[in-house]
Amino acid sequence: MNLSELELQNLRHLIGGYDTTHCKMQEYAECAQDTKVKQFFEKGAKSAMENKQALMDFLR
């Protein structure tokens, strides 16, 4: 697979975005007092990490 420099930059931004989303959602979950809110953010953090991992696996 040959990717252009622009495509690689876009992938780097996507992967970085998933990392950022995971970290923020995890922090929000840790601060949440309500169980449902906490679960919502934990689910979002998990989803971001899974999406990042799927993208990384695709690129290998």
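1. A crossing counts as left-handed if the near helix is turned anticlockwise from the far one by less than a right angle, and as right-handed if clockwise. By that rule, α1 and α2 cross in a left-handed sense.

2. The model is predicted, with local features needing pLDDT of at least 70 and side-chain atom pairs pLDDT 80 or more, while totals for chains, interfaces and linings use all residues. Numbering runs from 1 along each chain as its sequence is written, and side-chain values use heavy atoms, without hydrogens and water.

3. Helix α1 covers residues 5-31 and helix α2 residues 35-59; helices are DSSP runs (H or I, at least four residues). They pack at about 160°, with axes 8 Å apart. The axes are lines fitted to C-alpha atoms over the stretch in contact, and angles run from 0 to 180 degrees between N-to-C directions. The two helices are therefore roughly antiparallel (over 145 degrees).

4. Residues in this contact (heavy atoms within 4.5 Å) include Leu11, Tyr18 and Tyr28 of α1 and Phe41, Ala45 and Leu55 of α2.

5. There are two aromatic pairs in the structure (ring centres within 6.5 Å). Phenylalanine 40 and phenylalanine 41 have ring centres 5.3 Å apart and planes at 75°, so this pair is edge-to-face (over 60 degrees). Tyr28, Phe40 and Phe41 are linked by ring pairs into a cluster.

6. Phenylalanine 40 is exposed at 54% relative accessibility (exposed is over 50%, with a 1.4 Å probe, protein chains only). Lysine 43, in helix α2, is also exposed, at 65%. Its C-alpha lies 9.7 Å from that of histidine 22, 21 residues away in sequence.

Key
Angles under 35 degrees count as roughly parallel, over 145 as roughly antiparallel, 65 to 115 as roughly perpendicular and the rest as oblique. Rings of Phe, Tyr and Trp (its six-membered ring) pair if their centres lie within 6.5 Å; planes under 30 degrees apart count as stacked, over 60 as edge-to-face and the rest as tilted. Buried means under 20% relative accessible area, exposed over 50%, partly exposed in between (1.4 Å probe, protein chains only).
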